[in-house]
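User: I would like to go through this protein with you. Could we begin with the overall picture and then turn to particular residues?

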Amino acid sequence: YFRIKDDLHTELSRPSWVWRRKVLFEIPLNEVQGVRALVRSDEGQKSFGVARGPRTWRVDMPQGDLADRGKAEELVEAIRLLRAATVHSDQADAALLKSLGLESPWATLSVERVAPEGQPAPQAARLLLGDQVPERKEERYALLESRPQIVFTVATDVFETALRREKSLLF
């Protein structure tokens, strides 16, 4: 028989979540064409975002108002580097998604990529944000559309701050 050090045993006994990548959108900043948020509220749906124009960032679309470059890139970085806090479920089904508010999400974040020369634009990466986590109000349930069976929790403080300050993006 063999003796194993306790620290190795402890590491090998940790849940698989520990070993996963936690950054949700792994897209380099120079490949981001834009970000968009669609948020449901008591007043209806609200949409905002920034898009890369020919020489600068624009609010909502490439032909929209000029955006403050620093603030636009700060928003893009915050969304681009969102990290999962925990994994809630590896095998989500329709009933679980509904119970966590992901069937009709509170918000949808989209990150659009720059199209490679001569090719159509790749499909936007989309993150659905559901209900708040009951014991951690600063987190919401979330899932990537490309991996709908995995439900994460995501800290939303950066995103919610951006919602409150969207007008500050204007140049």
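User: What share of the residues is buried?
Analyst: This is a predicted model, and buried residues make up 35% of the 171 residues in the protein. The exposed surface comes to about 10800 Å², and carbon and sulfur atoms supply 52% of it.

User: What is the mean pLDDT, and where is confidence lowest and highest?
Analyst: The mean pLDDT is 81, with 78% of the residues reaching 70 or more. Confidence is lowest in helix α1 (residues 6-12), at a mean of 63, and highest in helix α3 (residues 94-99), at 95.

User: In what order do the elements run?
Analyst: From the N terminus on, the order is α-β-β-β-α-β-α-β-β-β-β-α. That comprises 4 helices and 8 strands. Of the contacts between residues at least 6 apart in sequence, 57% join residues at least 24 apart.

User: Let us take the strands. Which strand pairs with β1 over 7 bridges?
Analyst: Strand β5 does: β1 (residues 32-41) and β5 run antiparallel and are joined by 7 bridges. Within this pairing, V35 has V111 of β5 as its bridge partner.

User: Why is β5 described as largely enclosed?
Analyst: Because 5 of the 7 residues of β5 (residues 107-113) are buried, the strand is largely enclosed by the rest of the structure.

User: How many residues lie between β1 and β2 in their hairpin?
Analyst: The hairpin has 2 residues between β1 and β2. The two strands run antiparallel, with 8 bridges between β1 and β2 (residues 44-52), and S41 stands opposite G44 in β2. A hairpin of 4 residues then joins β2 to β3. Strands β2 and β3 (residues 57-59) pair in the antiparallel sense over 3 bridges, with W57 in β3 as the bridge partner of R52.

User: Changing topic: how many salt bridges are there?
Analyst: The count comes to 6 salt bridges. One of them pairs R113 with E31, with the closest N and O atoms 2.5 Å apart. This pair links distant parts of the chain, as R113 is in strand β5 and E31 is in the loop between α1 and β1, 82 residues apart.

User: Which residue forms a salt bridge with R80?
Analyst: The partner is E77, with the closest N and O atoms 2.8 Å apart. Both R80 and E77 lie in helix α2, 3 residues apart, about one turn of the helix.

User: How accessible are R80 and E77?
Analyst: R80 has a relative accessible area of 13%, so R80 is buried, the cut-off being under 20%. E77 is partly exposed, at 24%.

User: With which residues is R80 in contact, leaving aside its neighbours within four places in sequence?
Analyst: R80 is in contact with V23, F25, I27, P28, L29 and V32.

User: Finally, what about E139?
Analyst: E139 forms a salt bridge with R136, the closest N and O atoms being 2.9 Å apart. Salt bridges that share partners join E135, R136 and E139 into one network. E139 counts as buried at 9% relative accessibility, whereas R136 counts as partly exposed at 27%.

Terms used: Residues numbered from 1 in each chain as written. Predicted model: local features only at pLDDT ≥ 70, side-chain atom pairs only at ≥ 80, totals over all residues. Heavy atoms only, no water. pLDDT = per-residue confidence, 0-100. Buried < 20%, exposed > 50% of the residue type's maximum accessible area, 1.4 Å probe, protein only. Contact = heavy atoms within 4.5 Å. Areas by Shrake-Rupley, 256 points an atom, 1.4 Å probe, with all protein chains shown as cover. Pairing = 2+ DSSP bridges. Salt bridge = Lys/Arg side-chain N within 4 Å of Asp/Glu carboxyl O.
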